[in-house]
Amino acid sequence: MVSILQLVQNLMHGEEEEETSQSYRLQNVGEQGHMALLGHSLAAYISVLGRERLRKLTTRILSDTTLWLCRLFRYENGSAYYHEDDREGLLKICRLVIHTRYEDYTLEGFNVLYTKQPVIYISSAARTGLGQALCNQLGLPLSCMCRVPCNTMFGSQHQMDVALLDRLIKDDVEFGKLPLLLVANAGTPGAGHTDKLGRLKELCEQYKMWLHVEGVNLATLALGYVSSSVLAATKCDSMTLTLGSWLGLPAVPAVTLYRHEDPSLSLAAGLTSSQPVEKLRALPLWLSLQYLGHDGIVERIKHASQLSQRLLENLKNLDFIKTSVEDELSSPVVVFKFFQEYSNRDQTSHAAQASTIQHPIMSNKRHIYDTFNQWLGEQLAQLVPASGVDVVELEDEGTCVRFSPLMTSAVLGTEIQDIDHLVDCLKMKIPVLTSTLQLREEFEQEVRGTASLLYIEDLGWPGLGVVRYNYHSDEKNDDKQEEELEKINTELLKKLNELESDLTFSLGPEFGGQKNCVYIGMVTEDLDVSELVETIIATGREIEENSRLLENMTEVVRKGIQEAQLQLQKANEERLLEEGLLRQIPVVGSVLNWFSPFQALPKGRTFNLTAGSLESTESMYVSKAQGIGSTPPPTPTSSLAKQRLPGQKAFKRSLRSSDGFSETSSISHCEDLDKQDQRPPNLSPGQEQGPLERERAEEQKEVAQAKTDTEDIHSDKSPPDCTKAEDQASQR
């Protein structure tokens, strides 16, 4: 037993890095969660009781739970079906309606459906794949599923179009089809909007259709104040409740409440069962409802509604944030997105411009906003994980950030301070989004105006943009050129990350990104785009030159070694001729060298890697003997780096006051340097020159002039004048 439990524990927690997220979830289970988990163990123990005792116990548990749920959610005279999959309840309801509308279905089966094809209507805002899943489970063709569009002109764009639904039903009736069931939403999966359930119920009664309602807003039926649109759900034929997410209860089943008078049809559809063990599904929910009580359940749902209302009030005061809620007074789901609206003057100009702009450009704008909102939602979820915000794709609004506390707050333990923290993080991200959106076009123009960089248009990248350094090569091999391009851009990315800046440079997303590119992330308003582009060009050019130098290095060194070997061999032959044959004999040569020493000047060779040529070392020996060496040139520094203030990071644009101060200080600093250059080295800035200092300065000037004259005479290669100038220099 111990070893098996240890194995289960290892499988649950996994590696150490995953243990933090797992334990964070388990911390918020609470005592009511343990009560729900205990129900599964008790159900296993109860199933071994005697048959009669088990029947009485399961009947009591099932009837109590159903009665409590019907009273809690204002659903009178209802029955309940408990299921693990939240779509299973709707599937059983469809079978119940088929048995009800087709009297001979039990005997003839699909032949009855073939003569009069059933039609199930669902909203276009329903869960993805719901219609296909129903058809697959019921054995019906996809033609039996009719998707009803949402409103386009009047009302919410997430509500089912009732007038269009009426026309669709009439057309199906004229074609000999049978309208069977309508699936409505009390809180769409995306935006949380509620269909016009009152009008839909009237339409269903007119055509003898079954009305099924599902959605997160059904949880508000337990509150004291319920909106009229949600309250109409109490008159529907069936509804599905997901109490596990609403109340934060793990492993509790979903419940489908329905009204039907014929128990035999309910048994045939699978909504009821004669097996007592299947009735024990309600035991975890029965224990949890007793533990929480009526007040505890209402308090949890009320707390989630207050969280959404708190966030909605704060979002109204934020610029560039657009909300999409059904009811501003009471909306359990809050959907918002970043959107940069125009002023009145900009709106007219933008409208005039939009009339001339082609459709792909407008779609690109929406794609960019979708990308930015995707980044915003991921950042908020990472910064405030207790908020439970996520990203949702809506048909009309595009990508939005959704806050649905009824689905997450009970599990994550979301509090009011988490909402305030979420708003503070959102306030910090809005300036970054606006600045990046404004500078994105400027960056594109700067890059397109240069020949060394190639602008890559990636609408799915949340940042300033994507660039690629163009590698100019005469190489005809595409694979080698592609390899060199990858090498240069990888090194460019490494160099840019080494700079002290607030920008993030990366290779882009792991999947779907462009190859051999540099992706630049979000920026702030003080970014100097021109400096950034110039730095990228300069760094890429330096890497390209170094790459070409390394490419030619092997061949140049090989040729240089061969040439050096030939010259050294020739020098040895000349040395042999100068020394004579006798000096090469071992004993005779030593005696001859002792009587008449032979002095030969060393003739070495140096290899210049930059020029790729061999040079003699005579000039080196001469310069060392005279003690005169060439001073190495100063290391060049960027002008942009010189203008940067102390402590200022790269690519930052200074304010006007700081610019004026830096220009004045730089001019005065240059003047001081000029004065110091004219002043002798041993004289302090505030000290005057005396007679001795003046005489010493004149002597230093004469020596420097003599050296200059000597170098000029050597360059003219005239021996008599050179000797004369050297004598004059030595006399001085």
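**View A. Arginine 402 and aspartate 390 join their side chains in a salt bridge, with N and O 2.7 Å apart.** Arginine 402 sits in strand S11 and aspartate 390 in strand S10, so this pair ties together parts that are twelve residues apart in sequence. Keep in mind that what you're looking at is a predicted model. How exposed are the two partners? Arginine 402 has a relative accessible area of 17%, under the 20% cut-off, so it counts as buried. Aspartate 390 comes out at 27%, which makes it partly exposed. As for the general idea, side chains of opposite charge can pair when their charged atoms come close.

**View B. Here strands S10 and S11 run antiparallel, joined by five bridges.** S10 covers residues 390–394, and S11 covers residues 398–403. To get from S10 to S11, the chain takes a hairpin of three residues. Look for aspartate 390 again: its bridge partner in S11 is arginine 402.

View C. Check out valine 334, which stands opposite phenylalanine 403 of S11. Is S11 buried or exposed? Six of its six residues are buried, so the rest of the structure largely encloses this strand.

**View D. Arginine 127 and aspartate 86 make another salt bridge, their closest N and O atoms being 3.1 Å apart.** Arginine 127 belongs to the loop between strand S2 (118–123) and helix H8 (130–138), while aspartate 86 belongs to the loop between strand S1 (79–83) and helix H5 (88–101), so the pair ties together parts 41 residues apart in sequence. Arginine 127 is partly exposed at 22% relative accessibility, and aspartate 86 is partly exposed too, at 29%.

**View E. Arginine 87 forms a salt bridge with aspartate 85.** The closest N and O atoms of this pair are 3.9 Å apart. Arginine 87 is partly exposed, with a relative accessible area of 36%, and aspartate 85 also counts as partly exposed, at 33%.

Conventions. Residues numbered from 1 in each chain as written. Predicted model: local features only at pLDDT ≥ 70, side-chain atom pairs only at ≥ 80, totals over all residues. Heavy atoms only, no water. Buried < 20%, exposed > 50% of the residue type's maximum accessible area, 1.4 Å probe, protein only. Helix = DSSP H or I, 4+ residues; strand = E, 2+ residues; numbered from the N terminus. Pairing = 2+ DSSP bridges. Salt bridge = Lys/Arg side-chain N within 4 Å of Asp/Glu carboxyl O.
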